[in-house]
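Dear colleague,

Here is the structure we discussed. My notes follow below it.

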Amino acid sequence: MPDSADLPTSPAGWRLEHSYARLPQAFHVSLMPTPVREPRMVVLNAPLAESLGLDASLLNDAALFAGNSLPPGAEPLAQAYAGHQYVHFTMLGDGRAILLGEQITPQGDRFDIQLKGPGPTPFSRRGDGRAALGPMLREHIISEAMHALGIPTTRSLAVATTGETVWRQDGGLPGAVLTRVAASHIRVGTFEYAAARGDKEALRALADHTRQRHDPELEGGHTEFFEAVMERQARLIAQWMHVGFIHGVMNTDNMALSGETIDYGPCAFMDAYDPATVFSSIDRHGRYAYGNQPRIAQWNLARLAEATLPLFHEDEKKAVEIANGLIETFEGRFKHHWLAGMRAKLGLCTDEDDDAALIESLLDWMNETKADFTNTFRDLTRGLGGSPEWHARWRERLQRQPQSTDEAVTLMRRSNPAFIPRNHKVEEALAAASHHGDLNPMHRLLTVLASPFDHTQDSPEFSQPADNTEGYQTFCGT
């Protein structure tokens, strides 16, 4: 990365760099956001702003977060990428997003600052380039909840309304722009884009840039870098599974090489445990169901391996052998992280060979009884939950480890959230904001979600599932 020590700092703390813009022109298109009629601030994430080195008191500028004005040093561009959407390959790009630059924090870290919904780009494919308030607030709520849960994620710095109407299948909706913060927006699909163009030099430049940005300590070649990417994904998907999160649209353009969760369209959290749970309205065959997420992650990484074959070895046959060997290790990597996290959820401080069977038997019972995923593990922190037979096995297992009961309970409370973004509470907050301009339900929800592991908080309104979740669906919002 370029030396950022001499970057000027604006009064509000903006220090924008543009390393991605130095990639070959094929990867981006320079353009300005399209001004909106009447920008108004909805929410500003002050703690995130401060962590970025920004003065939140100087950022309450709706024009800035709606795209009518730009922060000092911004050089707006839309990124090009491709993607397998479900199993169909498509050349894509930022159809409704514009990257303003990379904020350099006081600690020297680098974060993309991107507007989502600022108007059309050359990649909009007949779309309007706009976003509705509801989906942008959903991304704000869920991404902040994921951050509080300790799961790597892009985050929302601000949401501003535009004073304009966007038209979707369900009619006219209030328009909004979200400011997204990410370690980067480089995706599996970005590499697929370079490979589809047949430009090996551009592919190598992208790989070098990505490695320098996310793994500068690596001294080896592409194999070592690919392993680092795969390890991040294995850990991330395991963390999703530990809290019952369902991404909903795990296309290759929605897998970030940074290892962050990106794109909160048709996502949701599972209530009753069922590996086949699907909420996305467009996932009619369950490709991205809760239980399929590890397999899909491996499939996506196989697409990344295909796109970067020339970087593994100059001999194609040898390159394929190396890539296949690496992909085959994903399942073991995922199971390692999944098992470690599930042990912690059960208060198991040591490893025993039969732990996986103990965990699977609990999940089988939960599936049979349609037990709530989050509350089952929350009850275990209080010594409750599971069938009597399973509970006895679990107690025997706890007694075989040298750690005390108090130590086991402490581990469980750190690993089992008391609160997640319950789907009905998210919908209530979005409906109040979108249809009535009432942000109070959202702020109450955000307050609870900011402390998901606070087991002392008695808030049944936010910890219980809806009475009836049958037929609940989420939508991508485009």
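Helix α6 meets helix α9 through Thr223, Phe226, Glu227 and Met230 on the α6 side. Their partners in α9 are Ile322, Leu326 and Ile327. By class, this contact has 5 nonpolar residues, 1 polar and 1 charged. Bear in mind that the model is predicted.

Now the geometry of that pair. α6 covers residues 222–243 and α9 covers residues 316–327. Their axes are 11 Å apart, at an angle of about 25 degrees. Angles under 35 degrees count as roughly parallel, so α6 and α9 are roughly parallel. The crossing is right-handed.

From α3, the contact takes in Leu137, His140, Ile141, Glu144, Ala145 and Ala148. α16 supplies Met442, Leu445, Leu446 and Leu449. The class count for α3 with α16 is 8 nonpolar, 1 polar and 1 charged.

Next, the rings. The whole structure holds 11 aromatic pairs. One aromatic cluster is formed by Trp240, Phe245, Tyr264 and Phe269. Trp240 falls within the residue range of α6.

Two charges sit over rings. Arg187 lies over the face of Tyr81, 4.2 Å from the ring centre. Lys345 places its charged end over the ring of Phe377, at 4.4 Å from the centre.

Best regards

Conventions. Residues numbered from 1 in each chain as written. Predicted model: local features only at pLDDT ≥ 70, side-chain atom pairs only at ≥ 80, totals over all residues. Heavy atoms only, no water. Phe/Tyr/Trp six-rings, centres within 6.5 Å; stacked < 30°, edge-to-face > 60°. Lys NZ or Arg CZ within 6 Å of the ring centre and 35° of its normal. Contact = heavy atoms within 4.5 Å. Helix = DSSP H or I, 4+ residues; strand = E, 2+ residues; numbered from the N terminus. Nonpolar A, V, L, I, M, F, W, Y, C, P; charged D, E, K, R; others polar. Axes fitted to C-alpha atoms, helices over the stretch in contact; angles between N-to-C directions. Parallel < 35°, antiparallel > 145°, perpendicular 65-115°, else oblique. Left-handed = near helix turned anticlockwise from the far one by under 90°.
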